[in-house]
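Let's take a walk through a protein model together. Have a look at the picture before you read on.

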Amino acid sequence: VQLQASGGGLVQPGGSLDLSCAASGSIFSIGAMGWYRQAPGKQRELVAAITSDGRANYVDSVKGRFTISRDNARNTVSLQMSSLKPEDTAVYYCNANIRRIGGFREYDYWGQGTLVTVSS
């Protein structure tokens, strides 16, 4: 099982960027999925998470600006980011709780990280 993230890049303040993450491999089911970020010199923080039935929650600093969504048929999770600020600059990681085929419980899986830089 692996998670493959894509979509990072350089964007000006006030701009928008979309991140996407696809899970692949011997997947039986996927529970919660989410996006974390880690800025230089800071701890990794949860940005947004979404349950298998579509309930989402966000860290206060991105509420109203970011939208998380998922496609259960394609095993993907996306993060639409708008009104980006310099303080959103970080490496963004996707995360998913995945039960493998033949397994009995969910395990935590991480994508490789994608850099988002918000700068003029």
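Here we'll go through a sheet and then some charged side chains.

Keep in mind that this is a predicted model. Let's begin with the strands. Four of them make up an open sheet, lined up in the order β1-β3-β8-β7, and the pairing is antiparallel. At the edges you'll find β1, covering 2-6, and β7, covering 66-71, and each of these pairs on one side only. Go from one strand to the next and the twist averages 15°.

Strand β1 is joined to β3 (residues 17-24) by five bridges, with the two running antiparallel. To see how they line up, find Leu 3: standing opposite it in β3 is Ala 23.

Next come the charged side chains, where the count of salt bridges is six. One of them links Arg 55 with Asp 53, at 3.2 Å from N to O, and both of these residues are exposed. Another brings together Lys 63 and Asp 60, at 3.0 Å from N to O. How exposed are these two partners? Lys 63 has a relative accessible area of 47%, so it counts as partly exposed, while Asp 60 reaches 60% and is exposed.

A further salt bridge pairs Asp 71 with Arg 74, at 3.9 Å from N to O. Asp 71 is partly exposed because its relative accessibility is 28%, whereas Arg 74, with 65%, is exposed. Finally, look for Arg 37, Glu 45, Arg 65 and Asp 88: salt bridges with shared partners tie them into one network.

Notes:
Residues numbered from 1 in each chain as written. Predicted model: local features only at pLDDT ≥ 70, side-chain atom pairs only at ≥ 80, totals over all residues. Heavy atoms only, no water. Pairing = 2+ DSSP bridges. Helix = DSSP H or I, 4+ residues; strand = E, 2+ residues; numbered from the N terminus. Axes fitted to C-alpha atoms, helices over the stretch in contact; angles between N-to-C directions. Salt bridge = Lys/Arg side-chain N within 4 Å of Asp/Glu carboxyl O. Buried < 20%, exposed > 50% of the residue type's maximum accessible area, 1.4 Å probe, protein only.
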